[in-house]
Amino acid sequence: MTQTATGKFTPQTDHAARAIDLAAENQALRARMAYLLEQAERNHSIMTRHQAFDLDIVSAANFPELIGTIFRVLPVISELDSVTLTLIDEDADIRTVMAKLDVVFEDFPELIFVETLDGLGFDLGQRNAYTPTPKPLLGMYDAQRHATPFPQPPAGLQSVALVPLLRNKRIIGSLNLGSCDPTRFTPSLGTDFIEHMASIIAICLENVISNEMLKYIGLTDSLTGVYNRRYIDRRLLEEIARARRQQYPISFMYIDIDHFKRVNDTVGHGGGDDVLREVASRIKNELRTSDALARFGGEEFVVLLIDANLESAAFVAERIRASVAGSMIALSQELQLSVTVSIGVACLNPGEAEGDPAAVARAWVAHADSLLYVAKETGRNRVVSRDPVEQA
Ligand SMILES: Nc1nc2c(ncn2[C@@H]2O[C@H](COP(=O)(O)OP(=O)(O)OP(=O)(O)O)[C@@H](O)[C@H]2O)c(=O)[nH]1
């Protein structure tokens, strides 16, 4: 109703006022609907992006691909200013295996390794088998308290979420999310969504790490820790193809411990194993990181040298021979042993790598083996890099 000049209300004015109220209400409803629509569209877009992210990480072929995707994609789709990952790696097994598989950790400054659960840098309270699943910790960023999960925080970091990564109730690390918006992560915020995301990341991490470990075990010799024959057979084919493309020489060394049967007879099989380990370590010390050392079986080792001609490979072989023969191998305080090796060296020059790589590899290895045979026949403890017939 509307009041007249005399103070009375008339039906007309009442009607008009009601219309104004309705219009205002309508406008407010429309604004609210527009807001909800916008929110729904935003949520839909976030969901779609996260579904695509889940697919990406689930199909990551290896460890670098997985963590690369997490660090590259997650900050964008979740509109975050920092994403880091802490992994618990008690005996540095993960780091050792990844390094062996040529993962370059410097490429991932957001990846943090800690030795223990306490090292995660946030309080999970006393834990035992019956402790309930730890929840993500959300709140204001504190430079001192969050120094471990955010070693290089972006300027203006305000709020953080530290999300435990769990596999079968075991905490394997944490996903650390940071935002410059102070209201982004508050203790009252629901955590279902980030817990779900963290659980998928944890599954992917565990799978990829186990796969890499298996790959590593499948390519290395368990006694000496150097590569095994399977690895070198595959690598030979790759390097022959690469040397052919890039036109550089590659060399191959066949190394055999002299009279190893006598070593075993003297110090037993266990002592023989120690000798194998020490010889592998002495050979490795003489090599560049680009060279590949493998145990071919028994007391035989092989080395693949990249971009090395016959002369430089023979030089390295001579250094290896001298290193093994140069000092006794101590099996215990009382027991020391003198060991020597014989080495055959063959080079594959640009132009000689043509044809079927497998056939080239076979002929090349056989050549190095025949030179090793010459070294054995002509007195052992020596390097032979040329056929005696060629030399004559
Ligand atoms: N301890 C140990 N011995 C091994 C291993 N694999 C092979 N052998 C031994 O290595 C010895 C190889 O001996 P041979 O091939 O006869 O040659 P050699 O005594 O080294 O003599 P030359 O090669 O002619 O100098 C054998 O006694 C094998 O038992 C191993 O993993 N550990």
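I am working with a predicted model.

**Entry 1: α5 and α8**

I looked up helix α5, residues 229-246, and helix α8, residues 357-377. They pack at an angle of about 105°. Their axes are 9 Å apart. Angles of 65 to 115 degrees count as roughly perpendicular, so α5 is roughly perpendicular to α8. Next I listed who meets whom. From α5 come Leu236, Leu237, Ile240 and Ala241. They meet Pro357, Ala358, Val360 and Ala361 in α8. I sorted this contact by class and noted eight nonpolar residues, with no polar and no charged ones.

**Entry 2: α6 and α7**

Then I turned to helix α6, residues 260-285, and helix α7, residues 310-326. Their axes cross at roughly 140° and come within 9 Å. The two helices are therefore oblique to each other. I noted the crossing of α6 past α7 as right-handed. On the α6 side I found Val279, Arg282, Ile283 and Asn285. These meet Ile320, Ser323 and Val324 in α7. The classes here are four nonpolar, two polar and one charged.

**Entry 3: the ligand**

Which residues are closest to the ligand? I wrote down Asp258, Phe260, Lys261, Gly272 and Gly298. In total, 16 residues surround the ligand. Two elements, β8 (250-257) and α6, each give two or more residues to this shell. Helix α6 supplies the largest share, seven residues. By class, I recorded seven charged, five polar and four nonpolar residues around the ligand.

Note on methods:
Residues are numbered from 1 along each chain as its sequence is written. This is a predicted model: local features need pLDDT of at least 70, side-chain atom pairs count only at pLDDT 80 or more; totals for chains, interfaces and linings use all residues. Axes are lines fitted to C-alpha atoms, for helices over the stretch in contact, and angles run from 0 to 180 degrees between N-to-C directions. Helices (H or I, at least four residues) and strands (E, at least two) are DSSP runs, numbered from the N terminus. Angles under 35 degrees count as roughly parallel, over 145 as roughly antiparallel, 65 to 115 as roughly perpendicular and the rest as oblique. Two residues are in contact if their C-beta atoms, placed from the backbone, lie within 7 Å. Ala, Val, Leu, Ile, Met, Phe, Trp, Tyr, Cys and Pro count as nonpolar, Asp, Glu, Lys and Arg as charged, and the others, Gly among them, as polar. A crossing is left-handed if the near helix is turned anticlockwise from the far one by less than a right angle, and right-handed if clockwise. A residue is near a molecule or strand if its C-beta atom, placed from the backbone, lies within 6 Å of it.
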